[in-house]
Amino acid sequence: MKGMPRKTTSLKNSRKPTAVKGTLGKLLKSLFVNNKLLMITVFTCVTITGIVSVFSSLFLSRLLATITEGLRLQSLEAVWGDLLKIFITMGVVYMTAVVSSFLQTRFIAILTQRFLHQTRTSLFNKMQSLPIKFFDTHKTGDIMSNYTNDTDALRQLVSQSLPHLYQAIISVITLLVIMFSHSIWLSLVIFFGVAIMFLVTKLIGGNSAKYFVKQQISLGEEEGFIQEMMQGQKVVKVFCHEEQAKIDFDAKNEQLASDATKAHTFANVLMPIMNNLGNILYVLVAFIGGLLAVISVPNLSLSGLKDVTITEFLIIIISFLPICKQFTSNVSQSSQQINSIVMGLAGASRIMALMNEAPEEDNGYVTLVNCNIDENGVITETTERTGKWAWKHPHKADGTVTYTQLKGDIQMFNVDFGYVPEKIVLHDVSLYAKPGQKIAFVGSTGAGKTTITNLINRFYDIADGKIRYDGININKIKKADLRRSLGIVLQDTNLFTGTVMDNIRYGRLDATDEECINAAKLAYAHDFITRLPDGYNTMLTADGANLSQGQRQLLSIARAAVKDAPVMILDEATSSIDTRTESLVQKGTDRLMEGRTVFVIAHRLSTVQNSDVIMVLEYGNIIERGTHEELVALKGK
Amino acid sequence: MTKNNEGIGTFSAFKTVLKSVREYKKPSFLAPLFVMIEVIFECLIPLVMTLLLDRIEHVGQEDLLREIIKYGLILLLLALCSLACGVFAGRFTAVASSGFAKNLRKDLYYRIQDFSFANIDKFSTSSMVTRLTTDVTNVEMAYMMIIRTAIRSPFMFIFSLTMSFLLNARMALIFICIIPILVTGLTIIMVKAIPFFHRIFHKYDALNESVEENVRGMRVVKSYVREEHEKDKFDKASKDVMKSFTKAEKLVALNTPIMNFCVYAGLICLYVVGSILIVNTNQQALELTQLQSFMTYSFQILMSLMMLSMVMVMIVMSVASAKRIAEVLNEQSTLTSKENAITNIKDGSVKFIDVSFKYSAKAERSALEDINLEIKSGETVGIIGSTGSGKSSLVQLIPRLYDATEGEILVSNINVKEYDLQALRDSVAMVLQKNVLFSGTIKENLRWGNKNATDEEMIDACKQAGAHDFISSFPDKYDTFIEQGGVNVSGGQKQRLCIARALLKKPKILILDDSTSAVDTKTDSLIRAALKKYIPSTTKIIIAQRIASIEEADKIVIMDCGRIQAIGTHEQLLENNDIYKDLYYSQNKLKKDQKEAK
């Protein structure tokens with residue numbers, strides 16, 4: 001918007017992921033609160049999978065022992081019963097694992113998609129409640145990245161990293177119990193090893209996460225640059241600026257590649273390092289175990305300190321080593337998740353930051369209602385659409401309700417305003433728009449014309465002064481009802497994906513096709529619409545990219561016309577329409593707005609010359625006012 | 001664009017894209033090499049581990065430590081080698097894939113810089129941005145997967161299978177039974193899931209586009225109090241995406257249970273057959289340690305298949321991206337300079353001879369037809385006409401932003417095709433209807449017109465364009481930072497800066513395509529007066545909506561439906577041209593009223 005401050009420098013920082021403490025807790029809480037049953041199921045399944053995956057190695061040692069026994073007895077029959085028992089137990093346990101992994105992956109898929117849907121919609125709903133100021137001070141791309149990058153990171157976190165991590169924790173705990181039951185001495189060796197693995201993860205994984213975040217920032221910068229250059233590509237051509245554009249691009253591209261290389265290097269080497277640390281630990285455990293066996297140290301396990309023979313100790317070592325391997329592989333597997341956890345939490349914290357933005361405040365209590373007015377001027381409220389409206393004004397003090405007819409009488413008294421408190425852009429503006437009048441604002445760009453309309457519909461609140469609408473202070477009117485009473489056509493037309501008819505109907509959702517077509521005729525849009533391939537059913541995409549700017553403006557006027565509001569604000573609404581068509585459109589809107597209040601903002605004299613009052617604005621002050629003739633007579637500016 | 005995708009084969013798309021590997025060929029070869037060596041070590045390590053266990057069990061007490069140390073050292077050595085290979089492989093992979101992505105982005109961007117206007121029109125801005133970002137990232141990921149995992153998995157598969165056959169061929173036959181089951185299962189899932197995902201991604205994109213639409217149109221949403229309506233709309237779309245995604249992911253989620261089933265079934269078979277073999281033949285047919293090794297190999301074989309299936313999904317997913325990238329890389333610029341082109345443009349005269357023009361060969365309607373027009377050097381020409389009448393199309397042919405379909409355009413009596421493109425465009429300054437300023441200071445933006453412009457030159461140009469006053473009112477003056485898209489200056493200010501930028505080129509021909517529409521009438525006329533005074537020898541072509549902007553021109557051209565409807569001076573046209581008369585009176589109603597009153 002014009003003359004509005006943009007805090008882009010501080011915005012760059014806002015994209016920086018700040019892993020807010022407690023983000024994980026909040027995330028889990030919101031996951032749990034909204035999906036209790038699913039969460040419990042998923043937790044149960046993952047727990048089962050985690051425990052079962054550990055047991056497969058236990059079977060092996062039992063099996064080996066039985067086979068050895070069979071070998072000793074030289075008879076299969078002698079141990080067949082035992083073997084069969086082992087096989088059947090294995091079969092049952094493995095089936096459980098297959099079923100639980102089936103349920104787990106399935107439910108996680110459902111949970112993830114549900115959670116993403118919940119996140120998206122609550123984000124979107126939150127966004128609808130934010131004041132215009134939020135959108136004026138945040139780049140569209142930054143807001144969008146909450147829906148794309150951050151949500152993607154969240155998906156990775158919920159569907160992959162968290163279940164992985166949880167399963168690893170369960171496995172590790174189970175393994176710990178088993179390890180302790182074998183030998184606490186050897187467990188201590190593993191602890192030592194795992195401590196080193198943690199340090200390595202922190203070092204390498206930390207670096208990796210750091211550079212991934214850096215890469216993300218460079219990627220964002222490069223994307224911004226690319227977006228800007230692609231949008232201005234024609235200007236680049238016209239100025240033969242291609243070579244310079246290439247040089248600028250290369251610098252950003254090199255930076256991104258360097259960050260990406262570092263990030264991926266750290267990520268790629270983590271796994272081999274962790275795996276082989278696990279292997280080294282294996283050797284260490286074997287060696288120390290052997291040493292302990294040879295010098296016959298009594299074994300310490302959960303069942304207490306016990307003197308064991310060397311053969312017994314060797315059996316302990318033999319069953320301990322595979323567990324050790326499993327333990328370290330679990331640790332190194334979960335270290336792989338560190339990147340996506342860091343990025344996922346950063347995404348989550350950014351989403352939470354948006355969720356914590358203050359919504360648009362609305363303390364208004366005066367509402368707009370349909371009404372009937374009898375010959376004595378007595379207003380009675382009705383639910384039907386009567387074409388007449390009234391302000392319903394409840395008085396808290398005595399509990400009574402008064403009705404004021406909606407006329408479109410707008411008064412401003414000594415209004416001061418600034419988008420930021422330090423910079424006042426409107427000074428002491430007073431004006432009086434009587435119902436049925438057409439008030440025009442002219443003046444050079446940045447003089448404050450649009451700002452005035454921003455104040456009437458309360459996109460922004462005034463710093464000082466008073467605005468009255470039909471004698472009611474607009475701060476008392478509910479914002480939704482205030483805006484419902486104003487028809488606004490903006491210079492930047494924004495159409496929505498849908499048919500032409502849908503777009504016109506946006507003005508009033510219950511309008512019939514006929515009413516929409518009538519509105520289009522009023523706005524002089526009917527002609528070109530009927531010439532479109534599918535007429536009123538033509539699909540518009542990407543803000544009506546298949547229409548010319550002028551046609552888009554005609555459509556947005558039709559959209560306002562169907563709304564049929566008592567007060568109309570036209571902000572450069574016809575700037576891209578040629579003057580001949582404009583005069584036709586004007587005839588239509590004049591007919592529509594008979595007896596209603598119209599504010600017109602325009603550069604072109606032709607747009608404003610039939611106004612009742614023209615206000616000339618300069619640097620936020622009304623410097624002249626009068627009819628066209630009066631102003632021309634004054635000096636013809 | 002999607003239709004064009006079908007034009008490029010998968011193979012040729014990859015071939016085109018892979019050309020960008022260039023200097024990263026070495027790491028691209030080294031990475032898989034080290035991966036292969038790493039795999040060998042990874043397969044040997046469990047073998048040695050089993051041997052170690054076996055030794056612990058079977059050697060006597062006196063040899064125990066010696067044996068442990070012996071095998072431990074072997075294991076340690078193998079682990080260190082594997083670690084080194086893993087680190088090298090990881091590093092080379094990172095260098096190769098990031099470098100490849102860098103080159104790919106660069107090639108795309110450079111290619112786009114060489115595009116003509118017609119090429120640019122073919123691809124929308126957002127599609128070009130997606131190609132440069134998301135698509136490149138997809139291809140990068142696939143490339144990384146290919147040189148790392150896609151080599152690793154088959155190699156690991158073959159190595160493990162060979163090892164298990166060497167260990168015991170009879171037992172290895174169990175794998176031969178299980179592998180087909182797994183492969184079939186994974187293939188079915190993949191084949192079913194991929195088209196599913198393709199469709200969903202489109203839906204997902206559409207959802208994000210609708211969010212963007214909402215953000216951009218927030219003023220409209222709020223003005224019409226349509227927050228609830230928008231919420232409903234979004235909720236429905238989001239739910240739709242959720243449902244489709246859930247369906248597809250449920251399908252993919254079958255991967256793990258199938259995999260688990262095969263692993264576990266394989267294990268039980270191995271154990272049953274193994275136990276019987278060992279005990280019955282008293283370790284003749286199979287040794288106890290071999291059974292343990294088999295367990296490891298069974299895991300590795302099945303895991304490698306699983307990874308392979310994931311890699312395949314990634315590669316298939318990247319095909320669409322590769323095609324989209326190749327499409328841009330294969331696009332040839334429709335406009336190029338001739339060899340030995342003329343670089344000197346003598347004066348600013350322009351001549352159109354029987355020119356007609358279509359934006360694309362397929363277009364039904366010509367944008368311009370039968371244009372004959374002569375403009376003398378130094379003249380001021382006004383062009384007026386309703387939207388879509390071909391005003392912009394006409395002037396865009398002068399700096400050869402497009403080539404005429406028929407007829408020829410002469411600048412300084414030489415066909416524009418004979419000139420060097422850069423020289424021509426440096427002499428013909430054009431202020432486009434869609435003005436764009438770039439993020440940077442005002443000075444940096446002005447220097448687009450002339451890299452070496454001095455401060456005085458810049459101030460002069462800004463004075464002529466009516467921009468000096470407002471620039472001076474900014475606290476940072478000419479060093480004021482312009483935000484992306486020029487959002488922190490008003491429309492009129494933007495237009496004036498764009499005019500100043502064009503003036504700095506000191507052009508022979510200056511084209512203003514509706515460039516003062518947001519400038520107030522007073523400033524507009526001041527700019528025109530300045531142009532007349534300071535650059536009298538420059539040909540000035542002005543497209544405008546307001547008659548006032550072109551009233552004083554030496555020649556006024558009226559465009560209608562792609563044709564020149566009339567040429568004349570203000571007075572002549574006012575006398576005998578109905579369109580012009582209409583326009584004039586609609587813009588000067590008051591005067592007309594006064595006239596009628598007389």
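This is a predicted model: local features need pLDDT of at least 70, side-chain atom pairs count only at pLDDT 80 or more; totals for chains, interfaces and linings use all residues.
**Exercise 1. The interface and the nonpolar core**

Determine how many residues of chain A are in contact with chain B, and which helix of chain A gives the largest share of that side.

Solution. Counting contacts gives 120 residues of chain A against 127 residues of chain B. Sorting the side of chain A by element, the largest share, 26 residues, comes from helix α10 (residues 242-294) of chain A.

For the core, note that the largest nonpolar core has 346 residues, and that the members touching the most others are A:Val285, A:Ala523, A:Ala558, B:Leu75, B:Ala500 and B:Ile511. Taking A:Val285 as an example, and leaving aside residues up to four places away in sequence, its contacts are A:Leu186, A:Val189, A:Ile190, A:Phe320, A:Leu321 and A:Cys324.

**Exercise 2. Two open sheets in chain A**

Work out the strand order of the two open sheets of four strands in chain A, and identify which strands stand at the edges.

Solution. In one sheet the order is β4-β3-β5-β6 (chain A), with antiparallel pairing. Here β4 (379-382) and β6 (401-405) of chain A each have a single partner strand, so one side of each is left without a neighbour in the sheet. From one strand to the next, the twist averages 50 degrees. Within this sheet, strand β5 (residues 389-394) of chain A is joined to β6(A) by five bridges in an antiparallel arrangement, and A:His393 stands opposite A:Thr402 in β6(A).

The other sheet runs β8-β7-β10-β11 (chain A), also with antiparallel pairing. Its edge strands are β8 (426-433) and β11 (472-473) of chain A, each of which pairs on one side only. Strand β7 (residues 410-417) of chain A is joined to β8(A) by five bridges, the two running antiparallel, and the bridge partner of A:Gln411 is A:Tyr432 in β8(A). Helix α13 (residues 449-456) of chain A packs on this sheet, touching β7, β8 and β10 (464-469) of chain A, and its direction makes about 115 degrees with that of β7(A).

**Exercise 3. Positive phi values and burial**

Locate B:Ser412 and B:Lys477, and decide for each whether the residue is buried, partly exposed or exposed.

Solution. B:Ser412 is found in the loop between β4 (406-411) and β5 (414-415) of chain B, and its phi is positive, about 50 degrees, although the residue is not a glycine. Since burial requires 20 or more other C-beta atoms within 10 Å, the next step is to count them. B:Ser412 has 20 other C-beta atoms within 10 Å and is therefore buried.

B:Lys477 is found in the loop between α16 (468-473) and β8 (481-482) of chain B, and its phi is likewise positive, near 50 degrees. With 14 C-beta neighbours inside 10 Å, B:Lys477 counts as partly exposed.

Just after α16(A), A:Tyr524 takes a positive phi of about 65 degrees; in helix α16 (residues 513-522) of chain A itself, A:Cys516, A:Ile517, A:Ala519, A:Ala520 and A:Leu522 are buried. In the hairpin of β17(A) and β18(A), with two residues between the strands, A:Tyr619 has a positive phi near 45 degrees. These strands, β17 (residues 613-618) and β18 (residues 621-626) of chain A, pair in the antiparallel sense over five bridges, and A:Glu618 stands opposite A:Asn621 in β18(A).

How values were computed:
Residues are numbered from 1 along each chain as its sequence is written. Chains are lettered from A and ligands numbered from 1 in the order in which they are written. Two strands pair if DSSP finds at least two bridges between them. Two residues are in contact if their C-beta atoms, placed from the backbone, lie within 7 Å. Axes are lines fitted to C-alpha atoms, for helices over the stretch in contact, and angles run from 0 to 180 degrees between N-to-C directions. A nonpolar core is a set of buried Ala, Val, Leu, Ile, Met, Phe, Trp, Tyr and Cys residues joined through C-beta atoms within 7 Å. A residue is buried if 20 or more other C-beta atoms lie within 10 Å of its own, exposed if 12 or fewer, and partly exposed in between; C-beta atoms are placed from the backbone.
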